[in-house]
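This briefing goes through a single protein chain by topic. Please keep the sequence and the model open while reading.

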Amino acid sequence: KQTIGYMGIGFIDWEAGYAEADSVVRGRSGAKGIMTSSLRTLLAWGHGQLGLQSYGVRVRSDNSSALPFYHNIGFVEQKRVPLSCRTLSNGLVWYEDQNNSNATVSLVYQKFLG
């Protein structure tokens, strides 16, 4: 067996019927389009089995492979929020910072329009 990727649905708001595609990570190479097909299947399963009506995703603006991946599936950018970074003793912490007008990285919010 080979793991070729991982993905999930998270941040579920049951009352609104909303969730986010979460932790979509490609591992080893697989058949062309397998991650696209897998995410479409997961979203359809969430709709049919969990009753979810809408989906979103948040992606860092510097993730050059994820942005076109989500766009090709049918996600559309809604807004960008600047990010700031803080150094802690055990690493870096990124956080949304509307006041950071010099941000080089932002969090891109997208909505699935199918």
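What share of the 114 residues of the chain count as buried? The share is 32%, where buried means under 20% relative accessible area, exposed means over 50%, and partly exposed covers the range in between (1.4 Å probe, protein chains only). This is a predicted model, in which local features need pLDDT of at least 70, side-chain atom pairs count only at pLDDT 80 or more, and totals for chains, interfaces and linings use all residues. Residues are numbered from 1 along each chain as its sequence is written, and side-chain values use heavy atoms, with hydrogens and water left out.

**Overall layout**

- The chain has 2 helices and 6 strands; helices (H or I, at least four residues) and strands (E, at least two) are DSSP runs, numbered from the N terminus.
- Read from the N terminus, the order of elements is β-β-α-β-α-β-β-β.
- Along the principal axes, the C-alpha atoms of the chain fill a box of roughly 40 × 35 × 25 Å.

**Strand pairing around β3**

- Strand β3 (residues 54-60) pairs with strand β2 (residues 18-26) in the parallel sense, over 3 bridges; two strands pair if DSSP finds at least two bridges between them.
- Between β2 and β3 the chain passes through helix α1 (residues 34-50), and this β-α-β crossover is right-handed, a term that applies if, with the strands pointing away from the viewer, the path from the first strand over the helix to the second runs clockwise.
- A19 has Y55 in β3 as its bridge partner.
- Strand β3 is also joined to strand β6 (residues 106-112), here in the antiparallel sense and by 5 bridges.
- In β6, K111 is the residue opposite G56.

**Helix α2**

- Helix α2 (residues 66-73) has A66, L67, F69, Y70 and I73 buried.
- These residues lie on the same side of α2 because they cover an arc of only 165° around the axis, the arc being that of the directions from the helix axis to the C-beta atoms.
- H71 and N72 are exposed on the other side of α2.

**Salt bridges**

- Side chains of opposite charge can pair when their charged atoms come close.
- The whole structure holds 3 salt bridges, each defined as a side-chain nitrogen of Lys or Arg within 4 Å of a carboxyl oxygen of Asp or Glu.
- One of them joins the side chains of E20 and R58, at 3.0 Å from N to O.
- This pair links distant parts of the chain, with E20 in strand β2 and R58 in strand β3, 38 residues apart.
- E20 has a relative accessible area of 9% and is therefore buried, whereas R58, with 31%, is partly exposed.
- D62 and R60 form another salt bridge, their closest N and O atoms being 2.7 Å apart.
- D62 is partly exposed at 44% relative accessibility, and R60 is partly exposed at 27%.
- The side chains of E77 and R80 also meet in a salt bridge, with 2.8 Å from N to O.
- E77 counts as partly exposed at 39% relative accessibility, and R80 counts as partly exposed with a relative accessible area of 43%.

**Nonpolar surface patch**

- A nonpolar patch on the surface is formed by I12, W14, W45 and L50, which together have about 410 Å² of accessible area.
- Patches are made of residues with over 30% relative accessible area and no salt bridge, with like charges joined within 9 Å and nonpolar side chains (Val, Leu, Ile, Met, Phe, Trp, Tyr) within 5 Å.
- Accessible areas come from the Shrake-Rupley method with a 1.4 Å probe, and for residues only the protein chains shown count as cover.
- I12 belongs to strand β1 (residues 5-13) and is partly exposed, at 31% relative accessibility.

**Backbone and spacing**

- F11, a residue other than glycine, has a positive phi near 55°; F11 is in strand β1 and is exposed at 52% relative accessibility.
- S23 is not a glycine either, yet its phi is positive, about 55°; S23 sits in strand β2 and is partly exposed, with a relative accessible area of 36%.
- R86 is in strand β4 (residues 75-88) and is partly exposed at 43% relative accessibility.
- From C-alpha to C-alpha, R86 and V108 are 19 Å apart in space, and they are 22 residues apart in sequence.
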